[in-house]
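Thank you all for making the time this morning. I would like to take you through a few side-chain arrangements one after another, and I will keep to what can be read from the coordinates.

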Amino acid sequence: QAAIGGHPVARLNLGVWEQDNGNIDRAVKHFIIAANLGFDGAIEALKKYYARGVVSKEDFTTGLRAYQDAVDATKSPHRDVAEAFYKQTMG
């Protein structure tokens, strides 16, 4: 349910489950979806499979672009101020 609802960690976990059950193509699809949601763990999984030759350059590039788009969509001046405040107060 959580993966369907857009929870990136749940989607990544589904990918790992598919991977463990030998369904690499399905695992990669879950990793790409999690990357689309901006989850950096998914990019790490895709990098691993790309390095092994399991993921095509096209799929890796698609996942990476989607990840970057999701990260860029969350950037704002307010978040930057909040992050600076957090770093200043929490060290």
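**Rings, charges and a buried histidine**

Let me begin with Lys48, which lies over the face of Tyr49, at 5.3 Å from the ring centre. Please keep in mind throughout that what you are looking at is a predicted model, and that the values I quote are computed from it.

Staying with aromatic side chains, a search of the whole structure gives 2 aromatic pairs. One of them brings us back to Tyr49, whose ring is stacked with that of Phe31, with 6.1 Å from centre to centre and 20 degrees between the planes. This pair links distant parts of the chain, since Phe31 belongs to helix α2 whereas Tyr49 belongs to helix α3, which covers residues 40–51, and the two residues are 18 residues apart. Both partners, Phe31 and Tyr49, are buried.

The other pair is formed by Tyr50 and Phe60, again stacked, with 4.8 Å between the centres and 10 degrees between the planes. Tyr50 is in helix α3 and Phe60 is in helix α4, residues 57–73, so this pair ties together parts that are 10 residues apart in sequence. As for accessibility, Tyr50 counts as partly exposed because its relative accessibility is 34%, while Phe60, at 12%, counts as buried.

Helix α4 also holds Gln68, a residue that counts as partly exposed at 35% relative accessibility. The C-alpha atom of Gln68 is separated by 8.4 Å from that of Asn36, although these two residues are 32 residues apart along the chain.

Let me now turn to helix α2, residues 24–36, where we find His30. Is His30 buried or exposed? With a relative accessibility of 11%, His30 counts as buried, because the cut-off for that class is under 20%. The side chain of His30 is joined to the side chain of Arg11 by a polar contact of 3.1 Å. If we leave aside residues up to four places away in sequence, His30 touches Arg11, Leu14, Gly15 and Glu18.

Another salt bridge, at 3.4 Å from N to O, joins the side chains of Glu44 and Lys47. Both of these residues lie in helix α3, where they are 3 residues apart, about one turn of the helix. Glu44 counts as partly exposed at 47% relative accessibility, and Lys47 is likewise partly exposed, with a relative accessible area of 38%.

The salt bridge that remains to be described is the one between the side chains of Glu83 and Lys87, at 3.2 Å from N to O. Glu83 and Lys87 are separated by about one helical turn, because they are 4 residues apart in helix α5, residues 77–90. Here Glu83 is partly exposed, with a relative accessible area of 40%, whereas Lys87, with 52%, is exposed.

To return to the opening residue, Lys48 sits over the face of Tyr49, and Tyr49 is in turn stacked with Phe31. I will stop there and take your comments.

Key. Residues numbered from 1 in each chain as written. Predicted model: local features only at pLDDT ≥ 70, side-chain atom pairs only at ≥ 80, totals over all residues. Heavy atoms only, no water. Buried < 20%, exposed > 50% of the residue type's maximum accessible area, 1.4 Å probe, protein only. Polar contact = N/O pair within 3.5 Å; in protein donor to acceptor, adjacent residues only side chain to side chain. Contact = heavy atoms within 4.5 Å. Phe/Tyr/Trp six-rings, centres within 6.5 Å; stacked < 30°, edge-to-face > 60°. Lys NZ or Arg CZ within 6 Å of the ring centre and 35° of its normal. Salt bridge = Lys/Arg side-chain N within 4 Å of Asp/Glu carboxyl O.
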